[in-house]
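Please open the model in a viewer and keep the selection panel at hand.

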Amino acid sequence: MIQQIYPSVAHDFRYELNKDMHFAAAHFIPHEAAGVCANMHGHTYFVNVTIAGDELDEVGFLIDFKELKRAIHGAFDHMVMNDHPAFTNVYPTTERVAAYIWQAVQQKLDDKSNGARCLQVFVRETPTSYICYRPKASDFRG
């Protein structure tokens, strides 16, 4: 995996977890403005999620790394993202992939009682292009 320094998120939480992972997936953007991306092509996406919170769970985690891997790697690895249910009515751009990852991770966090939050999702599509998704305060429950 690429060693990467990610943009940091300012917050007042006690703990911050950053998890790197990657997945291989293909997609196409069937729109004339997409240029060559209108053709099916694949990427090895590198993902970093930033999770923060003040309280740990009963084991001592903000969230178990296995849950993050299932939510991200399990959702996309070795698939055509256009076939993913999240992209039935929208194109699977890297921006939308990052937003989907945030929603999937935050949903897992919302099911826990320790109040952790996913503060940032960083998705590198190519060596020279990446997306950083940061939710607004209003995106969080409660």
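Begin by selecting β2 and β4, which pair in the antiparallel sense over seven bridges; strands are DSSP runs of E of at least two residues, helices are runs of H or I of at least four, and both are numbered from the N terminus. Two strands count as paired if DSSP finds at least two bridges between them. The model is a predicted one, in which local features need pLDDT of at least 70, side-chain atom pairs count only at pLDDT 80 or more, and totals for chains, interfaces and linings use all residues. Residues are numbered from 1 along each chain as its sequence is written, and side-chain values use heavy atoms, with hydrogens and water left out.

Next, select Val-49. Its bridge partner in β4 is Val-121, while Val-49 is itself the partner, in β2, of Lys-19. β1 and β2 pair in the antiparallel sense over 13 bridges. How many of the 13 residues of β2 are buried? Eleven are, and the strand is mostly covered; buried means under 20% relative accessible area, with a 1.4 Å probe and protein chains only.

Now display the whole sheet. It is open, has five strands in the order β3-β1-β2-β4-β5, and shows mixed pairing. The edges are β3 (79-80) and β5 (129-133); each has a single partner strand, so one side of each is left without a neighbour in the sheet.

Finally, select α1 (residues 65-76) together with α2 (residues 94-110): they pack at an angle of about 145°, with their axes 10 Å apart. Axes are lines fitted to C-alpha atoms, for helices over the stretch in contact, and angles run from 0 to 180 degrees between N-to-C directions. Among the residues making this contact are Leu-68 and Ile-72 of α1 and Ile-101 and Val-105 of α2.

Terms used
Contact means heavy atoms within 4.5 Å. Buried means under 20% relative accessible area, exposed over 50%, partly exposed in between (1.4 Å probe, protein chains only).
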